[in-house]
Amino acid sequence: MAAAKTRASSFSRNLSAAAPSQGPGLKCGPNGLVFLSSGIPDLDKILGGGFPLGSLVMVMEDAEAPHHMLLLRNFMAQGLVHNQPLLYASPARDPRGFLGTLPSPAASKDNKSYETDPDQEKGLRIAWQYKKYFGENQLNFDGQKGSLSLDGKHEYSNEFDLRKPLDRHFLNRQHVDCVSIQDSPDLSVLRDRCSTFSSQFPRNDGSVSCAGRIAIQSFCAPQCAYSNMEWDMLSFIRSLKSMVRSSNSVAIITFPPSLLSPSFCKRWQHMADTLLSVKAIPDEDKDLAQLLTGYQEMVGFLNVHKVARINTQVPVILEATTFSIKLQKRRYLVLECLNQAPVDGSSGTSYGTSGSCSGSSKAGNLDF
Amino acid sequence: MAESICRLLRDGALEGEHAPALTIKDSIASPFGFHVFAHVLSQLSSFILAGKSQSRGLVVVCFSRSPSFYLELLKNKGIDVVSSDKRIQTLDCYSDPLGWKSRLTETGNFMACSHETSISRTTNVFKDVKHMDKLYNSIVELGKGLVGGGKIRFSVAIDSVDEMLRHASMSSVSGLLSKLRSHDQVSSIFWLLHSDLHEAKVTAVLEYLSSMVAGLEPLHQPANGQRGDMENFSLIEHNLKKGKFHVRFKRRNGRVRVMLEEVHVEHLGVNFTALSSEGAINQGLVPKVQFSLQLSEKERIDKANVVLPFEHQGNGKPIQIYDGRRSLADSKHERPVGATETVQTSEDSGRGEIIYYRDSDDEMPDSDEDPDDDLDI
């Protein structure tokens, strides 16, 4: 007679996979998800922890600004710092050259942006007893900020200093792979590379030992020979999504939507688990300077269109979906909610809750 | 501004950066893209010859006009072409782009005209425009021949990308342009495009590849697109001499600079002036409302002067509101029946009038039907 195993009820939380001993690069989240960091702490917070393993992130570029490169740099640098293997594909002749522009993690002491936290910590003493409810889900990020470690490697999400290049020893390891997609007539080479890469991290029920990152830049760039094969590109994205879903990796693809036909642009957007877009800011725009505070320091806008929801039916409703990208001290990438400047009483116009974006030929919506 | 464009092309690329690239695009409504191209070409040539620019040589890839045309053009602008053949070279893709003439002469069926065989020092004939990589190699070779190897840079001007797109696919043309931009020795590159010859996607691709986009638009749009109108003819004629020159710069800090100017076509070339009529350069984030929410000063005064049809105006005197019936017992019964004036306590400035007809007078104020009747309105 076989001893019957006590079967847990279907409503209990299965925390067995949520072992936090995976290392600093991974974090457990709700619904059995494991997150890895995007490299931008503000973005991790907005997305509820980071990018979940098994998800496909797509970033819609703006043809007029290179902000998607900032996102990619931080993403790739974070992976290297955490010793997570990386596969990078780009339409450049020599993608390795891009690795030289990856930023280095900022030394924690320099980081003044967390100055306010000690004050807040004092305030939390009153609500001390509630902390026990947060511990299970590990949704509390305040604890993360408070832990300043000597070595940047032990933090889940690092602030990257965009002016300092990454140490060479991170790049010389074996697990950084680059592919140039410019000359290949079709996508079979890239598909094979992605397939072999993601098979290194098979997903099983055990704990996650290592995660991989795939970064594909400017996927439908016009100089690529396959760029007019729209159905092939779509089926590549679909197969990449399935590869990534069945492995412990995250793939990020950036593409310029203006170069695709509108129906394919929509299809690609639907393929994504997490969809972001970046937008350029018009320079010396007086209306914008009046409308938004901090206009001078902004370099661009980031819109969060979709947040990955795997293993759950509950959607994420963000308080705000448009953020401004700023470079703090010209080094650190921060995302801030857009703040409307105080309306001058004498002018009398009401701005309303949405407006259309200027500058670029496509209209966008700002959500305040 | 045209000067900013020429300045940016003159200053060229920084180390490790892609070369600045300019797209000049026009359409049938405002067809002087070529004049602007010629202007930029002559400006850049004069910078190069004077030694003021980063690049030391210029390669002009001629597709839609013959090289001799360009040499004439530069001579007319005062640029000494003969002595500058060390600096300016043309790649002739105009005379025999597909190599037909040379193949015919080979078979002996075609007697080549004598002027074709005399190849001047400044031009090289290119016969294989279907192959963009060969074109790329020729351009680079020509450029290196001008400036030598090493770190010295040269600029490239492409007469018309439309012709290139006739012969080769979009991806090979964009491959050529992006390779030129990322070449170590290319300082700047610019090209001309007629946007209505292509689908919108082509224009989008070329704008993606360039760091400056200069577009020509008509100053006045003809109404309803009707062609046969006399008014429209004059508008079209007007549009053939003047236009809007609209430039978008992609700056290094990731912001987009938009500038607007007027361009006049004159006998010797083009003139750029500041935009004469007022217009918002940027459509800001301020939402455009259909109606104006603001009152001008006059409107404010008028609004204050209109007396509202309440019987109690708050100044202690009750007002009789004329209700369209001659039940008033005062001196006001001289007024004609059709008068629409109501309250006469103050002078209207003539604009604000409220016409009020009282519904019915015979209902008792405390009637059960309408509890609002006990209000004194």
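A salt bridge is a side-chain nitrogen of Lys or Arg within 4 Å of a carboxyl oxygen of Asp or Glu. Side chains of opposite charge can pair when their charged atoms come close.

This is a predicted model, in which local features need pLDDT of at least 70, side-chain atom pairs count only at pLDDT 80 or more, and totals for chains, interfaces and linings use all residues. Residues are numbered from 1 along each chain as its sequence is written, chains are lettered from A and ligands numbered from 1 in the order in which they are written, and side-chain values use heavy atoms, without hydrogens and water.

Over all chains, the structure holds 18 salt bridges. Start at Asp283(A). Its partner Arg255(B) comes to 3.2 Å, taking the closest N and O atoms. Arg255(B) lies in strand S9 of chain B and Asp283(A) in the loop between S11 and H11 of chain A, so the pair joins two chains. Helices (H or I, at least four residues) and strands (E, at least two) are DSSP runs, numbered from the N terminus.

Asp283(A) also bridges to Arg251(B), with the closest N and O atoms 2.0 Å apart. Asp283(A) is buried at 8% relative accessible area, and Arg255(B) is buried at 5%. Arg251(B), at 35%, is partly exposed. Buried means under 20% relative accessible area, exposed over 50%, partly exposed in between (1.4 Å probe, protein chains only).

Now stay within chain B. Arg252(B) and Glu17(B) meet in a salt bridge of 2.5 Å, N to O. Arg252(B) sits in the loop between S8 and S9 and Glu17(B) in the loop between helix H1 (2–11) and S1, so the pair ties together parts 235 residues apart in sequence. Arg252(B) is exposed, at 58%.
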